[in-house]
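Try each task before reading its solution.

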Amino acid sequence: MSEDSIETKAPRSIWMRGLLMILMAFAYQLASTLLFFVAIIQFILALVSQTPNPRLSAFGRSLGRYQAQNANFVSFSSEELPFPFTDWPTID
């Protein structure tokens, strides 16, 4: 009977992962759009001031790391859930 309970838990966990994968793929697309706008703003600021904005650069780096975490989760390369289930990735 314990074998049956193990078998019934596996499909539920894969379905939950599937739902989380869809949500994380949506978050990835949202982050991609945000990164596009950050890049445009950074380009305009660099044109005006002749130097990139360091805060936008740091945010772009952390946003890229977030996208990497999402891609790793969605592609089954990692079991660790990205933000908002963990902390936002920091820059080193």
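**Exercise 1: a charge over rings**

The charged end of R17 sits over the ring of F76, 4.0 Å from the ring centre. Keep in mind that this is a predicted model.

Task: over the ring of which other residue does the charged end of R17 sit?

Solution. Step one: look at F73, where the charged end of R17 is 4.2 Å from the ring centre. Step two: check the cut-off, which asks for CZ of Arg within 6 Å of the ring centre and within 35 degrees of the ring normal. So F73 is the residue we want, with R17 sitting over its ring.

**Exercise 2: the surroundings of R17**

Task: is R17 buried or exposed? And which residues does R17 touch, leaving out those up to four places away in sequence?

Solution. Start with the location: R17 belongs to helix α1. Next, take its relative accessible area, which is 8%. Buried means under 20%, so R17 is buried. Finally, list the contacts beyond four places in sequence: F73, F76, S78 and E79.

**Exercise 3: aromatic pairs**

Solution. The search turns up 4 aromatic pairs. For Y66 and W88, the ring centres are 4.9 Å apart and the planes meet at 25°. Planes under 30 degrees apart count as stacked, so that's the label for this pair. Now place the partners: Y66 is in helix α2 (residues 54–74) and W88 is in the segment after α2, so the pair ties together parts that are 22 residues apart in sequence.

Task: which of these two is buried and which partly exposed?

Solution. Y66 comes out at 6% relative accessible area, so it's buried. W88 comes out at 30%, so it counts as partly exposed.

Task: what kind of pair do F83 and W88 form?

Solution. The centres are 5.2 Å apart and the planes are at 85°. Over 60 degrees counts as edge-to-face, so this pair is edge-to-face. F83 is partly exposed, at 33% relative accessibility.

**Exercise 4: a nonpolar patch**

Task: which residues make the nonpolar surface patch of about 900 Å²?

Solution. Collect the members: F36, F37, I40, I41, F43, I44, L45, L47 and V48. Then pick one of them, L45, and locate it in helix α1 (residues 2–49). Its relative accessibility is 34%, so L45 counts as partly exposed.

Notes:
Residues numbered from 1 in each chain as written. Predicted model: local features only at pLDDT ≥ 70, side-chain atom pairs only at ≥ 80, totals over all residues. Heavy atoms only, no water. Phe/Tyr/Trp six-rings, centres within 6.5 Å; stacked < 30°, edge-to-face > 60°. Helix = DSSP H or I, 4+ residues; strand = E, 2+ residues; numbered from the N terminus. Buried < 20%, exposed > 50% of the residue type's maximum accessible area, 1.4 Å probe, protein only. Patch = residues over 30% accessible without salt bridge, like charges linked within 9 Å, V, L, I, M, F, W, Y side chains within 5 Å. Areas by Shrake-Rupley, 256 points an atom, 1.4 Å probe, with all protein chains shown as cover. Salt bridge = Lys/Arg side-chain N within 4 Å of Asp/Glu carboxyl O. Contact = heavy atoms within 4.5 Å.
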